[in-house]
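This briefing goes through one protein model by topic. Keep the sequence and the 3D view open while reading.

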Amino acid sequence: MRPAHVRIAWLALTLPFLVSADVAAPPPRSPGTDSAAPEVSSFSPQGTVKAVRQVKARFSAPMTPLGDPRGGAAPFEIRCAGKGTARWVDSRSWVFDFARDLPAGLRCDFTLRAGLRALNGRALTGRRVFSFSTGGPAIHEARPLEGNLIEEEQVFLLGLDAEADEASVLAHVSFSVKGLPEPIGARIVRGPERAMLLRNLARWERPDEPLLAIRAARPFPQGTKVSLVWGKGVTTKTGVATDQDQVIPFEVRRAFTAEFRCERENKRAKCIPVTPMELRFSAPVAWTKAREIALTGPDGKRRSPKPPGEPTPFVDDLTFEGPFPESAAFRIELPPGL
């Protein structure tokens, strides 16, 4: 057993070390007492964003008493055409809810109020102005639909999410044609032609949105791929511009052709006189026009095509029934305007 005087000496030696260790330990920090100056730690949205409905700001320190989200002062001065209401979600998070999705063509600025302080009394530092834009006018819907066959002088109806400045449309909208080194410019369709297109317009997803009718400045080559390029720089009436291209691809229909066919013993032989002769089209033709086509023989006799088996407004081919006289020459006569 260790003598009593030895135990006392050991305690005396260790006690100063234990006391010294306790004194050096740092006290625990309570929330909100960080030495860093308070600031806005996050803000959204920023940049160009469509259909904005809510703005969110997060602060690095408490701004309003916990459990009293209505007690804090409004932290931002707001410059924006969109109307809405503000609220504190918690002591650090603030949101602004717009009454409806913001349309295109708006710029909104949120500026920290002068003299704004955190709940601990410290003034806010760091970035003070936060901005976003709902962007320039974009194509929401197009007729013809993307990827469809189009005519050589096709008119395009475009449903936009905001009214576009016409001068900027002419400057920044074009048609890219495969095989052509330069794009084709656009023309705006107005007057009776536009009115006629709108009268014949089928179901439109958003009937109240701005509609723009355009066509290329010159006809497209047949059988080529074409893209409508709604370019960077098209602006709204409020002056907000698109910041990237919107591209919609199409394909131009091929040349309209008619091909004559008949049965032969071989490819160099003449038509067999007892079998039908045919005329085939590369695209459907109205029957009211196709029935005017005639097959005329050497004696001037005109043969009309056989009517389709079932009533139809369009036909892809015509049949002329035989028999025909042997060793005779015939010609196909097409009506004007086919």
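Two disulfides turn up when the whole structure is searched. The model is a predicted one. With the bonded cysteines numbered in sequence order, the pairing reads 1-2, 3-4.

**Disulfides**

- Cys80 and Cys108 are joined by a disulfide, with an S to S distance of 2.0 Å. Cys80 sits in the loop between strand 4 (76-79) and strand 5, while Cys108 belongs to strand 7 (residues 107-112), so this bond ties together parts that are 28 residues apart in sequence.
- Cys80 counts as buried because its relative accessibility is 14%, under the 20% limit for that class. Cys108 is buried as well, with a relative accessible area of 0%.
- Cys262 and Cys271 are joined by the other disulfide, also with an S to S distance of 2.0 Å. The torsion about this S-S bond is about -80°, so the disulfide is left-handed.
- Cys262 is buried at 16% relative accessibility, whereas Cys271 is partly exposed at 25%.

**Overall make-up**

- The protein contains four helices and 22 strands.
- It has 338 residues, and 33% of them count as buried.
- Among contacts in the protein with a separation of 6 or more, 66% are between residues 24 or more positions apart.

- Four strands make up an open sheet in the order 1-3-6-5, with antiparallel pairing. Strand 1 (40-44) and strand 5 (84-88) are the edge strands, and each pairs on one side only.
- On average, neighbouring strands of this sheet are turned by 10° against each other, with direction ignored.
- Within the sheet, strand 3 (residues 54-59) pairs with strand 6 (residues 93-98) in the antiparallel sense, over five bridges. Lys56 stands opposite Val95 in strand 6.

**Salt bridges**

- A search of the whole structure gives 16 salt bridges.
- Asp90 and Arg58 form a salt bridge in which the closest N and O atoms are 3.4 Å apart. Asp90 lies in the loop between strand 5 and strand 6, and Arg58 lies in strand 3, so the pair ties together parts that are 32 residues apart in sequence. Asp90 is partly exposed, with a relative accessible area of 30%, and Arg58 is partly exposed at 33%.
- Glu193 and Arg215 form another salt bridge, with the closest N and O atoms 3.1 Å apart. Glu193 is part of helix 3 (residues 191-199) and Arg215 is part of strand 14 (residues 211-216), so a helix and a strand that are 22 residues apart in sequence at these positions are tied together. Glu193 is partly exposed, with a relative accessible area of 30%, but Arg215 is buried at 14%.
- Arg302 and Glu333 form a salt bridge whose closest N and O atoms are 2.3 Å apart. Arg302 lies in strand 20 (residues 302-303) and Glu333 in strand 22 (residues 331-333), so the pair ties together parts that are 31 residues apart in sequence. Salt bridges with shared partners link Arg302, Arg331 and Glu333 into one network.
- Arg302 is partly exposed, with a relative accessible area of 48%. Glu333 also counts as partly exposed, at 23% relative accessibility.

Methods. Residues numbered from 1 in each chain as written. Predicted model: local features only at pLDDT ≥ 70, side-chain atom pairs only at ≥ 80, totals over all residues. Heavy atoms only, no water. Pairing = 2+ DSSP bridges. Helix = DSSP H or I, 4+ residues; strand = E, 2+ residues; numbered from the N terminus. Axes fitted to C-alpha atoms, helices over the stretch in contact; angles between N-to-C directions. Buried < 20%, exposed > 50% of the residue type's maximum accessible area, 1.4 Å probe, protein only. Contact = heavy atoms within 4.5 Å. Disulfide = S-S within 2.5 Å. Salt bridge = Lys/Arg side-chain N within 4 Å of Asp/Glu carboxyl O.
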